[in-house]
Structure formats: structure tokens, C-alpha cells
Amino acid sequence: MKEDFRSIEFAPGKILSVETGRIAKQADGSAVVRMGDTMVLCTAVSAKEPKPGQNFFPLTVDHKESFSAAGRFPGGFMKREGRSNEKEILSSRLIDRVLRPLFPKGYYNDTQIISSVISSDDENDGDVLGAVGASLALHLSDVPFDGPMGEVRVGRVDGEYIINPTVTELQQSDIDMVVGGTRNSVLMIEGEMDEISETEMLEAIKTAHASIAKLCDFQDELRNELGIEKREFVPEKADETVEDEVKALAEDKIKEVIGIGLGKEEYNSKIKETKDEAIAKLKELEKEDEFISEAKRILGQIEKNELRNMILTQKRRIDGRTPVDVRNIWTQVGYIPRTHGSSIFTRGETQALVSVTLGTKRDEQNVDTLFDQESKKFMLHYNFPPYSVGEAGFMRGPGRREIGHGHLAERALRKMMPSFEEFSYVVRVISDITESNGSSSMASVCGGSLALMDAGVPLKKPVAGIAMGMIVEEENVVVLSDIRGEEDFMGDMDFKTAGSVDGITACQMDMKVQGISFEIIEKALEQARVGRLHILERMAESISVARPELSQYAPQFLKMEIDGSDIGAVIGPGGKVIQTLQRETGTEIIIEENDKGKGIITISANDFAKAEEAKKRIKMIVGHLEEGATYKGIVKSIKDFGAFIEVAPGKDGLLHISEIDHKRVEKVSDYLALGDEIEVVLLKVEHGGKLRLSRKALIPRD
């Protein structure tokens, strides 16, 4: 590949620089893209031949962020990057989802894209740069590829749309959305937003696409100048004799099953039975293995074609619904007794069992990536066990799909969560998918909203989500609300939107075809809005506002403020005072210093009385002692004239022999022993902070 350096201003003030032909020359294609001081090296390699018998496209996309790119060491014990973190996985998905539909049908060669952030300026994120670089690496190689494509992030600050906003600009933005596509159409959308309208979202998509078109033109110009030729690829043609024979055996029967209007289990059973009968007859005719393998593919294609044709011509779906109908919904809250909040959300044959756990600040998740070192105080974890689709399988850690679905649901709910100052709990939501037939991520949004309200988390507004589909055939387009699994598989779009009654908080769209107009996207957005409002109404039948009280099993909180100069006294030498205080009161105590130099103390316990006791003792430590108040203390030493009682860590007071009892006390040891826990009244705080205590003040006179 020839060396080339080129730049383009693809949006106002946004310049992308490209370098090719210098680094990674043994890859099929490579490029280094740069914005500011963020640089991403992207490579593409594709095998010259597919593996024998392979009938799918094995594309792998890996986006990697090295800490050295920002001049940092990885946090924790290991000082070498290991498995991909969530940010890298999510960035890889953003690239994969735009590239995948741009490879020619029938291309089954092993293909790998690696996007490596080699320099980071802490302002320009390398994820969208990696997508453009991946497209360049493929477009400037001989690998068959129907690109180029472009990908940008769009934000909005003070009503003005910004392409590829910096990290600083995003902090002020009410939109954080990534859009990917070709010169002619949008293929992928993902992002979060502050309850924006469908009209505002469409405008953001249009703004992003204008920049995408410029990036695509730029890549074409570069490829034409370099004179890159693609390797020859001719997809294998289907054997028409096989197709004719299979159609004659099964086409009418498949069409009949599709037209009945069945649920998932019955439908799958009857379709399988019909296909198995056809294969059995072919085997009776002693057809070769290759013939049987091709027949199975054709049977699947017949099913797909008939499903699409029924929707396009009759506006009728597999289960009898019209394009705008949402499946039956039932919900329940408070299902799990010992969690802090729980819900069941069921829509058709998709079900999410969701639980909420409230924790203290020590439960927050430490995040260490190139762009994010803040701790997460709200997290949603999505699980998809194999039994949810009636299968047996291995239970391993979450895969890329689970991480992506959980991230989308988390973004949808995060916008409606109270701030940590308003609700000082770390919140974890777990969505276990117990049944699945279409859009379990949106079920997680709905179930998560219900469970959070059940837990008493003061959500600003309830949130719901819906998945939309689309069937396109020339000029005939049908938009589907609340798609089920088969409609996702055979359709041309998967478009998920989530939000409140007032607007969208998160979205995700994947297109399998090009050429979809903005008018069709606008129709899908409006149909999704109507469906979302319907789901919110059904959810409100179970719960519509947060419960006024938290679960009895949730940790109880107290907050207090002390002078910054007193923080050391509360912590004590080597943490001795605060550790003793936590152990003796059964509490968890967190001390932070705010920007005003004050110490903010958060006390949590499973019993509010314990938290009150800890607060009382902290007041004593910092000198906030109330004369006449009663305190619990430990006998630390015994003298002839009395005993010294520790009423708080580091705070001893004198219990004079005359204050032990109403009657005359001859020997202190007759009444007290070292280590005894007794209640005393603080009579007086004398000059110098000396404490005078009384026991007899608490003993009734005989």
C-alpha cells in the first residue's frame, strides 16, 4: 500500500487526519486515524478462502485501549491489560454492527478487525475514530466490502448539535448518540438522551448523517487515488434443482403453518415437524449430504420469505397481530421477599425477573478506563440463561450480547435516577431473563423501572422500552411494534427506544438493508412512542410512583457534618478510633471532605438505632457533648477516688466515687470492674474538656 497523509474537516471545527502505508503493512489493510492527540491504529485481515463447510460469516472486531496511550499504568495489582473491559466491548460492538451488513452475502472467510488506541488526549474518544479507521482499513484493502461507512457521535449543547463532541462538551450535552452508516443511509444508532422528542432525535440523526456522507466521500477519493483493486469474489449460486424440489415438498405446508397464528412454542414445533418431514423424504430418496445441507438452508429461506410476504401483503403477523399491536402484558412488584425491591415484567413470551439491591458508598464500582475513572453508583446487570429459550447450555460469564443489552437498559434508566446527593445509596439492578421471545433488553428496562419504584428509589418518572421492526420490499414498507424473535430474524430492522411519557432516554437501532429514508425512520419513531405510552399505562397498574418507605432489609443512613479539623480525631491513629466505633456500634462509617473543607460523615446500619448511637459517639469525639445527656461507656481504669469511663473512642470522663451510688461507697471495685459497660450522665464539661460523669443520677432514690 502506498504511503499517504490526508485530512478532512467533516464537521465544523472537526478535522480527521489519516495516515496509510506506513504501519502494519502485512495486514490486508491498515490506517491510522487522528483527532486532536487521539490516534487509533486499525487493521483488517481476511482469509483468502473460507474453511471447508463453513456457512456463516465469522467476523471478529476488537477495540483495545492501552493505558499507555494516556501515559498511565493500569490500576490494581496487574500492570498489564488483560481481557476486554466493558468499554472496549461496547466500542467493539459499535464498529461491528455497522460493518457486518456491508460484506457481500455468501462471504464466509474468517475476517478480523483490530482497532487499537495508541494515543489518547482525554478529550477525543477513540471509539468512533476506530469505526472510521476500520472502514478505511477494509476499503483500502483487497477484501470484498460494500463500503465505505462512517461513524460519528452527536451531542447537543444549548440547542446546538455538535459532531464528535469532546468529553468536556459531553458533560454539558443532553444527547450522547453514536450514528453509523453509508453515504446513502443510516445503519446503526445507539445512545442516551435527556427525554428528547422524536422530532429532536430525527434532527440529530440527520445532522450526524451529513458528516457521515463527507467521511464516505473522503474514503472513496483516497481509494481511487491509491488505485486499490478488490480480490475477486463470486458467491456460490444455489442449485435451482434443489430449490425446486424442496419447494414442491414443503412450501405450501410451511405457508399453512405460518398462517395459523401461533405462539412461539407451538409455532416452532409445527415448523420443525414440517421441515423434518421434508428432510426425511429427501433421505428416503437417498440424496447426498450436500443436497440435504442445501435443502435445510432453503427450508429456512422459504419460511423467511413466507413470513415477510404475509406481513407485506396481509399486514398480519405470525401470532395474528396487526403491525401496531403490542403483546399482552402482566406485571407484579414485591415478588421476592428479601430483596430491597423486585418485579416481574412479562410481555408475550418474554419475561424479566428483576431485583434491586441498595448499598452504601463502599459498594460502588471502581471504574478504570482511559476516559472514566469515576466510581459507578448505579449499575444494571443483565443475565440470559439458556433455559430462557428452552435450551441446555453452559453457564459462563456474560458475553458481548449480555453486556450490550445490559448497558442499553442501564442508560435508559440512568437518566431518571435521582442524584447521589438526593438518594445516597449505591443501586444495583439485576435483570434475569426467564423467558425470551423478542426484546429482553426492553423488558429489562420496564422491569427495572418497576423494581426501582418497589425499592423506594425516587425515580423522576417511570421508564418503558419497546422494540420495533421493519419489513422492506421495494416500495412496500411495514413497521412492526413489539417484534418477537422470528420477526427480528427475518426482518430488516431492529429499533429499540426507551423513555418516559415526556421523551426518549435511550435508543438502539440496527439496519440489515441500506436505503431506508428518514421518513420511514420518522414513522418508526412515532409508532414506537405510541407503543411506549401503552406499556407505561400497563406498568402503572402495578406501581406508578416510588414507595414512600424503603425495605426493612435495606441499610439505614444518617448524615452529619463536622469541621475538617476534626476528621483526624474521628479516624484516630491508624484508623483505630473509627474501626472501634464501627465494631462497637455495628455500623459502617464513611468520611469525606467536601470542597468547603467540611467533613461529611455517612453512617449506615441495618438498624436506625445503631446509626443514632454512632452519631452520638462521633459528636462526643469532636467535642459536641451535651451536658445532662446519657451515654454508654466502658470502665477503663479504677482508682481509689473513682473510675475513668470511656464514653467514646478517645474520650474518657471521671466518675467520682461520690457519683457511683446514693449511699456511701467505700470501695469502687465493689460496684465496678474493668471492662464493665455502664450508663452515665454527663454532669459537666469542665475547662480543658474534662468530663464529670454520674451514675447515681440514673438510679432512683429508695
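S542 touches T331, Q332 and V333, leaving aside residues up to four places away in sequence; a contact here means heavy atoms within 4.5 Å. The structure is a predicted model, in which local features need pLDDT of at least 70 and side-chain atom pairs count only at pLDDT 80 or more, while totals for chains, interfaces and linings use all residues. Residues are numbered from 1 along each chain as its sequence is written, and side-chain values use heavy atoms, with hydrogens and water left out.

S542 itself is placed in the loop between α11 (518–539) and β20 (556–563). Helices (H or I, at least four residues) and strands (E, at least two) are DSSP runs, numbered from the N terminus. With 28% relative accessibility, S542 counts as partly exposed, a class that lies between buried (under 20% relative accessible area) and exposed (over 50%), as found with a 1.4 Å probe and protein chains only. S542 and D670 are 128 residues apart in sequence, and their C-alpha atoms are 64 Å apart in space.

D454 also touches V333, together with G334, H340, G341, S342, I543 and R547, again not counting residues up to four places away in sequence. D454 belongs to helix α9 (residues 440–454). Is D454 buried or exposed? D454 is buried, because its relative accessible area is 10%. From D454 to S544 there are 90 residues in sequence, yet the distance in space is 9.4 Å, C-alpha to C-alpha.

The whole chain may now be considered. The protein chain contains 14 helices and 27 strands. Its C-alpha atoms fill a box of roughly 115 × 60 × 50 Å, taken along the principal axes. Of its 702 residues, 52% count as buried. Among contacts with a separation of 6 or more, 69% come from residues 24 or more positions apart. The accessible surface comes to about 33000 Å², and carbon and sulfur atoms hold 47% of that surface; such areas come from the Shrake-Rupley method with a 1.4 Å probe, and for residues only the protein chains shown count as cover.

Charged side chains come next. The protein chain has 92 positive and 120 negative side chains, and the centres of the two sets lie 5 Å apart. Lys and Arg count as positive and Asp and Glu as negative, while His and the chain ends are not counted. The place of each charge is taken as NZ of Lys, CZ of Arg, CG of Asp or CD of Glu. Some charges sit over rings, meaning that NZ of Lys or CZ of Arg is within 6 Å of the ring centre and within 35 degrees of the ring normal. The charged end of R338 is placed in this way over the ring of Y553, 3.9 Å from its centre. Likewise, the charged end of K377 sits over the ring of F420, 5.3 Å from its centre.

Rings may also pair with one another. A pair of aromatic rings is described by the distance of the centres and the angle of the planes. Rings of Phe, Tyr and Trp (its six-membered ring) pair if their centres lie within 6.5 Å; planes under 30 degrees apart count as stacked, over 60 as edge-to-face and the rest as tilted. By this rule there are nine aromatic pairs. F641 and F644 form an edge-to-face pair, with 6.3 Å from centre to centre and 90 degrees between the planes. F641 is partly exposed because its relative accessibility is 40%, and F644 is partly exposed at 26%. Elsewhere, F57, F103, Y107, F145 and F233 form one aromatic cluster.

Helix α13 (residues 576–585) has V577, I578, T580, L581, Q582 and T585 as its buried residues. Their cover includes α12 (567–571), β21 (588–593) and α14 (608–621). After α13 comes G586, which has a positive phi near 65 degrees.

Most residues other than glycine have a negative phi, and most peptide bonds are trans. A cis peptide bond joins G147 and P148, with omega about 10 degrees, and P148 lies in the loop between α2 (126–139) and β7 (150–157). D158, which is not a glycine, has a positive phi of about 55 degrees. D158 is found in the loop between β7 and β8 (160–163), and it counts as exposed at 81% relative accessibility. K315, in the loop between α7 (289–314) and β11 (329–333), has a positive phi near 55 degrees and is partly exposed, with a relative accessible area of 37%.
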